[in-house]
Structures are given as C-alpha cells and as structure tokens.
Amino acid sequence: MSIQHQSRSASLSLDSATHVPADQAIKPLRDQIIIEPLEVDHQTKLIVIEETKPVRGIVKAVGPGHYPKQYDHPDKAKRTKTWEGTSFLPTQIKVGDIVHLGSPQGQRGYSFQSLWWGDKIHLVCREADIVGVESND
C-alpha cells in the first residue's frame with residue numbers, strides 16, 4: 001500500500017474570494033457590515049500622517065447588532081472568564097452610509113475578508129472597524 005502526499009497550500013487572492021450573484025440579497029450576521037470600496041480621488045490633496053491604506057466605501061448590507069462580551073475583571077491581564085452580555089447593542093451604521101475603515105493607531109495596511117457581489121469586490125468588516133461616517137449636513 002502506498003500513500004501519496006498532496007500539497008495543501010492555499011493562495012489568498014481575489015481569485016479565491018466568494019462570488020455572489022448581483023441580484024442575490026446578503027444579510028450579514030451580528031455586527032458584520034458589507035462595504036463596496038469607492039474609487040480614490042487623486043486630485044484631492046491629502047496630508048498623510050501615517051503610512052496606512054485608508055479605505056472609504058459605501059455600506060451595502062448591515063447586520064442587526066450583537067451582545068457585547070462581558071469580563072470578570074476590567075484589567076485585561078487579570079481576566080479569567082468571558083461570556084456574552086445580556087443587553088443587545090444594535091448596529092448604528094445604516095445601508096447607504098459612506099464610511100471610513102481603519103484604525104486611528106495606523107496599522108500597515110488592512111486585511112478584510114472580501115467577496116465578489118456581482119461584478120464588484122466588497123469588503124466584510126465589523127462595526128468596530130469603522131472610524132468615521134460622512135455626514136450630509
């Protein structure tokens with residue numbers, strides 16, 4: 001009896017992203033949000049403070065919200081237990097909002113799960129990943 005070993009390597013690229021038909025609706029769970037990235041306007045002057053990759057996009061689908069985690073101690077190093085909270089926290093972001101993703105501390109690039117919805121790439125993130133919402137006021 002011979003055993004053949006197969007390679008189990010995988011490639012992460014847009015080719016391996018999930019494809020969803022354009023006419024199919026997506027309903028995210030918890031506080032997950034699906035965002036269609038907007039084109040960058042290179043004619044606008046920006047002052048870049050940190051070397052980050054900011055993402056600006058329009059919200060296409062929003063989950064209902066989540067039950068925040070509860071901890072037995074406020075100090076992160078002394079926590080021994082965690083559980084789901086009892087108060088529901090609804091999502092504040094709405095479909096159609098233009099949002100900015102990222103961290104104010106600035107990571108070197110962002111890594112969000114992506115999927116093809118119709119012929120456009122979309123990002124999947126949590127509400128906590130959103131640092132700002134553009135207002136129309």
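Colleague: Which side chains meet in a salt bridge at 2.6 Å, N to O?

Modeller: A salt bridge is a side-chain nitrogen of Lys or Arg within 4 Å of a carboxyl oxygen of Asp or Glu. Side chains of opposite charge can pair when their charged atoms come close. Here the partners are glutamate 134 and arginine 56, at 2.6 Å from N to O. Glutamate 134 lies in the segment after strand 11 and arginine 56 in strand 3, so the pair ties together parts that are 78 residues apart in sequence. Please note that this is a predicted model, in which local features need pLDDT of at least 70, side-chain atom pairs count only at pLDDT 80 or more, and totals for chains, interfaces and linings use all residues. Residues are numbered from 1 along each chain as its sequence is written, and side-chain values use heavy atoms, with hydrogens and water left out.

Colleague: What is the pLDDT average of the protein chain?

Modeller: The term pLDDT denotes the predictor's confidence in each residue, from 0 to 100. The protein chain averages 77, and 69% of the residues score at least 70. Among the strands, the mean is lowest in strand 1 (residues 18–20), at 77, and highest in strand 4 (residues 65–66), at 92. Over residues 104–108 the pLDDT is below 50, and this stretch has eight contacts in the model beyond near neighbours in sequence. Contact means heavy atoms within 4.5 Å.

Colleague: How many helices and strands does the protein chain have?

Modeller: Helices (H or I, at least four residues) and strands (E, at least two) are DSSP runs, numbered from the N terminus. The protein chain contains zero helices and 11 strands. Of its contacts with a separation of 6 or more, 71% involve residues 24 or more positions apart.

Colleague: Which residues make up the largest nonpolar core?

Modeller: A nonpolar core is a set of buried Ala, Val, Leu, Ile, Met, Phe, Trp, Tyr and Cys residues joined through side-chain atoms within 4.5 Å. Buried means under 20% relative accessible area, exposed over 50%, and partly exposed in between (1.4 Å probe, protein chains only). The largest core has 11 residues: Ile33, Ile35, Val55, Val59, Ile93, Val99, Leu101, Phe112, Leu123, Cys125 and Ile130. Two or more of these residues come from each of strand 2 (32–37), strand 3 (55–62), strand 8 (98–101) and strand 10 (120–126). A second, separate core has six residues, including Ile34, Ala61, Trp117 and Val124. In the protein chain, buried residues account for 25% of the 137 residues.

Colleague: Which residues does leucine 123 contact, leaving aside its neighbours within four places in sequence?

Modeller: Leucine 123 is in contact with Ile33, Ile34, Ile35, Pro37, Val55, Leu101, Phe112, Gln113 and Ser114.

Colleague: Is leucine 89 buried or partly exposed?

Modeller: Leucine 89 is partly exposed, with a relative accessible area of 40%. Leucine 89 is found in strand 7 (residues 89–90) and touches Gly65, His66 and Pro68, not counting residues up to four places away in sequence. Leucine 89 and tyrosine 67 are 22 residues apart in sequence, yet 5.9 Å separates their C-alpha atoms.

Colleague: How many salt bridges does a search of the whole structure find?

Modeller: The search finds six. In one of them, lysine 60 pairs with glutamate 36, the closest N and O atoms being 3.4 Å apart. Lysine 60 lies in strand 3 and glutamate 36 in strand 2, so this pair ties together parts that are 24 residues apart in sequence. Lysine 60 is partly exposed at 34% relative accessibility, whereas glutamate 36 is buried at 13%.
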